[in-house]
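Let's take a walk through this protein together, one piece at a time. Keep the picture at hand as you read.

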Amino acid sequence: MYIFSWLHPQAYYQHILVLLIGCICMGIGVTCQLLGRVVMLPGEGLVNAIATHWKLDFGKIKVIFDWSLVAIAGGLSLYYFGTIEGIREGTLVSAFATGLLVKFFMNMLLKFRVKRFGKLR
């Protein structure tokens, strides 16, 4: 947060641009966690456990998981406040984009690895 303390987007398009850059950074970070096989945060850890156990695509499961969390938050917000609070377009874009970006970066890195080091065994 300190590194970007100077950044104060004013226009709506600037907010969208910062959101997209943040989604890209998040996708790269989750991809590094997966490839590095390091300890994950609970959200990614649960998605990874589900994807590994049932041999499913991590990116697709991540999108489904994130959207289910958004749906639960929306439902609870409607129940307790009578309106949706705290969920806007940034939440929706992030829930959709992160899983797709992880899938994209995993495919790109695996293609690079095959091209650079030969077929995987």
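From the N terminus onward, the elements run α-α-α-α, and the protein has four helices and zero strands. What you are looking at is a predicted model. Its C-alpha trace spans about 55 × 35 × 20 Å along the principal axes. Of the 121 residues, 23% count as buried. If you take the contacts between residues at least 6 apart in sequence, 54% of them join residues at least 24 apart.

Start with helix α1, which covers residues 12-36.

Take α2 and α3 to begin with. Their axes come within 9 Å and cross at roughly 130°. That angle makes α2 oblique to α3, and α2 passes α3 in a right-handed crossing. On the α2 side, the contact is made by Gly 43, Glu 44, Leu 46, Val 47, Asn 48, Ile 50 and Ala 51, while α3 contributes Phe 58, Ile 61, Lys 62 and Phe 65. Sorted by class, this contact has seven nonpolar, two polar and two charged residues.

Now follow the chain on to α3 and α4. How are these two helices oriented to each other? They pack at an angle of about 165°, with their axes 7 Å apart. An angle over 145 degrees counts as roughly antiparallel, and α3 and α4 are therefore roughly antiparallel to each other. Here, too, the crossing of α3 past α4 is right-handed. From α3, the contact draws on Phe 58, Gly 59, Lys 60, Lys 62, Val 63, Asp 66, Trp 67 and Val 70; from α4, it draws on Thr 91, Leu 92, Ala 95, Phe 96, Thr 98, Gly 99, Leu 100, Val 102 and Lys 103. The residues of this contact divide into nine nonpolar, four polar and four charged.

Definitions and conventions: Residues numbered from 1 in each chain as written. Predicted model: local features only at pLDDT ≥ 70, side-chain atom pairs only at ≥ 80, totals over all residues. Heavy atoms only, no water. Expected span 1.5 Å × (residues − 1). Axes fitted to C-alpha atoms, helices over the stretch in contact; angles between N-to-C directions. Parallel < 35°, antiparallel > 145°, perpendicular 65-115°, else oblique. Left-handed = near helix turned anticlockwise from the far one by under 90°. Contact = heavy atoms within 4.5 Å. Nonpolar A, V, L, I, M, F, W, Y, C, P; charged D, E, K, R; others polar. Buried < 20%, exposed > 50% of the residue type's maximum accessible area, 1.4 Å probe, protein only.
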